[in-house]
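Please look over the model below before reading my comments. They are set out as numbered points.

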Amino acid sequence: MLGDEVGNDVEEDFLQTEANGVKNSSTTMSTVDIMPSPVLLWRFKVLLFFIWGFICCKVGWDSVMRMSADLRDLFLYEAFLYYNPLLLVTMMVWLWGVNLWVFAQSNVNYVKIFDLDQDHLTHREVWKCATWMTIIVPTSMTAYLYLYSHGEVSLAASQPVLLYIAVAMILIFPFDIFYLSSRYYLLRTLWRIVLPLQAISFSDFFLADILTSMAKVFSDLERSVCRMVHRQVATIAWFEADSVCGSHSVAIPLVLVLPYLFRLFQCLRQYKDTREKTALFNALKYSTAVPVIFLSALKYHVLPGSWTNFYRPLWLLSSVLNSLYSFYWDITRDWDLSCFTRIFKFNRPHLCSYLFHGRRWVYVWVIGSNLILRCTWTYKLSAHLRHNYLTVFAITVLEMLRRFQWAFFRVENEWNKMNSKSNIQLSEKDNTNEEAQSLISNDHNV
């Protein structure tokens, strides 16, 4: 009887387990059936993104057309100055994601080069941040145009202010959300750039070089914050040349020159630590940008005849010197053509690897475009030409694209140097081990 009861219990447990298994499998199958495929979900997100972009363009265009013709250009210029810095930063984030994707596909260990921790942002996470930036910044700009065109001036003026405050709060938010370790890494590196009181790491001067390409961004940020502080948003009072935030402000060339001074001080610190004369020549390169910026700014503070006959030729000469010196340094020092280049040789066969790796036209394009964009970049540094804001914006975009392709070869060159040092250290270690073994064997023979 006891055996029959035990058998019945076992049989019941088996049937119950089998029933639960069938139920769980059916639940899993039903859950899988309900969840959409990743491809379908991605296509839906892309569709929503395009719908959102169309709505922003339509609302923005209709808002601009509601304004009077004499006010339209002035107001668009003001809106452009508030939002183009953040749009350019968004573009740089997208491009940096592409850089990381190529590094991940190739044999370049960017994690080791930049000394990143285990929680570093991958290219997918960088693109996710760039996507949110792409959505938020144009949405704020559309709201700004819409509210101003419908007479809500105070609400319109609050839009860029709220956006700038939100960006600043996200960067310094002390809690473990929004990629805290990566935000801390960025802020710490920026602090080391501003105050180079310690040995300069690769990430320090790499980011500082990128900041020199974004000098115009910082200049526009300064002008935007100045108007917000003085409550000149959604007004045209700041168009007066002698106003606090006007086009003749001394703060404009001062902010333009700051990234170059940061990089200059880094080179001097590097020379102090290593005593390498190359660091001094590199510091000299960044010092050549200072005359370009300040000679240009003198146009607003000297007589027209003095500018035409004396200061303008000096500005042109300093521009040519800065462009050619920077181009020379890019090719011979930052890129080092002796190891140019394996960056597009991916670990697995890829379309990009087929198109770019070992192709002569790639090198011709990179060197030629770098020379042309180095020469046009001085236009952006010239304060007396900043009224051509669309031209300056286009040149700033091109400079960021130049810096984007510069990053590939600069990081690869650093990786090659690290590998060569490792090989030298390994060979020295092997030689030391062989000498030790030979000494031991000689002692044994004696």
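Predicted model: local features only at pLDDT ≥ 70, side-chain atom pairs only at ≥ 80, totals over all residues.

1. Residues are numbered from 1 along each chain as its sequence is written, and side-chain values use heavy atoms, with hydrogens and water left out.

2. S318 lies in helix α13 (residues 304-334); helices are DSSP runs of H or I, at least four residues, numbered from the N terminus. S318 counts as buried because its relative accessibility is 8%, the limit being under 20% relative accessible area with a 1.4 Å probe and protein chains only.

3. The S318 side chain reaches the backbone oxygen of W315 at 2.8 Å. Apart from neighbours within four places in sequence, S318 is in contact (heavy atoms within 4.5 Å) with T288, P291, V292 and L295.

4. In helix α11 (residues 277-287) the buried residues are A279, N282, A283, K285 and Y286. Viewed down the α11 axis, these fall within an arc of 150°, so they line one face of the helix; the arc is taken from the directions from the helix axis to the C-beta atoms. They pack against α8 (202-213), α10 (251-274), α12 (289-297) and α13.

5. A nonpolar core is a set of buried Ala, Val, Leu, Ile, Met, Phe, Trp, Tyr and Cys residues joined through side-chain atoms within 4.5 Å. The largest has 37 residues, of which F103, F206, I343, F408 and V411 touch the most other members. Helix α16 (389-445) gives the most to this core, with nine residues.

Notes. Helix = DSSP H or I, 4+ residues; strand = E, 2+ residues; numbered from the N terminus. Buried < 20%, exposed > 50% of the residue type's maximum accessible area, 1.4 Å probe, protein only. Polar contact = N/O pair within 3.5 Å; in protein donor to acceptor, adjacent residues only side chain to side chain.
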